[in-house]
Amino acid sequence: MRRAAISLAMLCMASAASVGRAASPVQSYTADPPASRLDFIGIQAGAEFKGTFRKFTAAIDFSPDALASSHFDVQIDLNSLDTMDDDRDTTMRGPDIFDIAHFPASHYVTRSFTKTPAGYSAAGTLSLHGVTKEVPIDFVFVSTPGGAKLEGTAKLNRLEFGVGQGDWKSTESVKDVVKVAFSLILKPKA
Amino acid sequence: MPTQEPRTRFTAVAQLLHWIIATLIVTQFALAWTARDLPLGTHKLALLAWHKSFGMTVLMLAIIRVVWRRANPPPELPAGMTPFERTLARATHIAFYALLFAMPVTGWLMSSAKNYSVSWFGLFTWPDLIAQNKTAFEALKTTHDYLSGVLLVIAVFHILAALKHHFWNKDDVLLRMLPFTKSKRGS
């Protein structure tokens, strides 16, 4: 009798756990374009300058309870860059920097997630300018009534991706390190 | 100190500020004219980085100079000058002081409007004064260019006037701003 009670209790716990898992499967979202931002911050002549990518798509499969099956896939249209200065935008699209004639897009995919004190950290790879390299991102994820909000940052060294040829290989005028900051308003995928 | 004689020369500090700022302004024209025709590249960015750092230096020195001038009034103009000459000299100096502020500030505004924030020799970054705005940038650039023309004209006038005082009137107007010289009594 007593053994049966224990078995029953264990069964209940097991089914509760499986119900728990079933209740929080990984949720698929897409970024709402006008409300979401994907910015980069470079350091030029000692001062930071911010640019933004106007066009990108983000397929975000994420659940705080299912990190193992979570996954980000972000496609960035490099031609959509905007630094509020046409001369600089044209130069950056050109052969010595992004070379968008040959590499029009950049692609970021995650491989795994870990919980951090402040939020989450993702390991993943960035493909840019024909080079694919590890770029971790740190982010916070907040559920909202209409979906979720994903905010985070990353840091990369532009020269590791060959972004900066000729004179631009020098880090005198434009530093190697570039920060990326994003704020995505996520809507559940229909 | 009421018993002090009226000053006949500029103070050493005033002389130092005058000549440092004069040297910086010559450098500013050289940098701006060199950078102007270059395509956007690392060379242009480097020249403009110097231009901005020197420009902000002029702004800071101009503030010190105005404060110093209020505490240490300059020597009187030579007695022989006509009222017209005095007005002209005064107008030139007022214009110079106005430009010592207007040039750096319009430059700073330009940089803010174009999203090229101003760093001071890479040591720190000045805050942007206005948000990015292409129309504002074009207007500010025109103003900055125009004022640089005005500055050039009055600088030439100022130099010619100083030489005229020295060689024609033979007074001490030039010498009293020159370090390591003695002013003859020129009034």
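**View 1. Contacts that span the sequence of chain A.** In this predicted model, 56% of the contacts in chain A with a separation of 6 or more join residues 24 or more positions apart. Chain A has 190 residues, and 26% of them count as buried.

**View 2. The elements of chain A in order.** Here we follow the chain from its start. Chain A holds 2 helices and 12 strands. Read from the N terminus, the order in chain A is α-β-β-β-β-β-β-α-β-β-β-β-β-β.

**View 3. Where chain A meets chain B.** How many residues does each chain bring to the contact? Chain A gives 17 residues and chain B gives 15 residues. On the side of chain A that touches chain B, the elements giving two or more residues are β3 (47-53) and α2 (86-93) of chain A. Sorted by class, that side of chain A has 6 charged, 6 polar and 5 nonpolar residues.

**View 4. A helix pair in chain B.** Now we turn to helix α1 (residues 12-36) of chain B and helix α2 (residues 42-71) of chain B, whose axes come within 9 Å and cross at roughly 155°. Because angles over 145 degrees count as roughly antiparallel, α1(B) is roughly antiparallel to α2(B). The crossing of α1(B) past α2(B) is left-handed.

View 5. What classes of residue make up the contact of α1(B) with α2(B)? There are 18 nonpolar residues in this contact, along with 6 polar and 3 charged residues.

Methods: Residues are numbered from 1 along each chain as its sequence is written. Chains are lettered from A and ligands numbered from 1 in the order in which they are written. This is a predicted model: local features need pLDDT of at least 70, side-chain atom pairs count only at pLDDT 80 or more; totals for chains, interfaces and linings use all residues. Two residues are in contact if their C-beta atoms, placed from the backbone, lie within 7 Å. Helices (H or I, at least four residues) and strands (E, at least two) are DSSP runs, numbered from the N terminus. Ala, Val, Leu, Ile, Met, Phe, Trp, Tyr, Cys and Pro count as nonpolar, Asp, Glu, Lys and Arg as charged, and the others, Gly among them, as polar. A residue is buried if 20 or more other C-beta atoms lie within 10 Å of its own, exposed if 12 or fewer, and partly exposed in between; C-beta atoms are placed from the backbone. Axes are lines fitted to C-alpha atoms, for helices over the stretch in contact, and angles run from 0 to 180 degrees between N-to-C directions. Angles under 35 degrees count as roughly parallel, over 145 as roughly antiparallel, 65 to 115 as roughly perpendicular and the rest as oblique. A crossing is left-handed if the near helix is turned anticlockwise from the far one by less than a right angle, and right-handed if clockwise.
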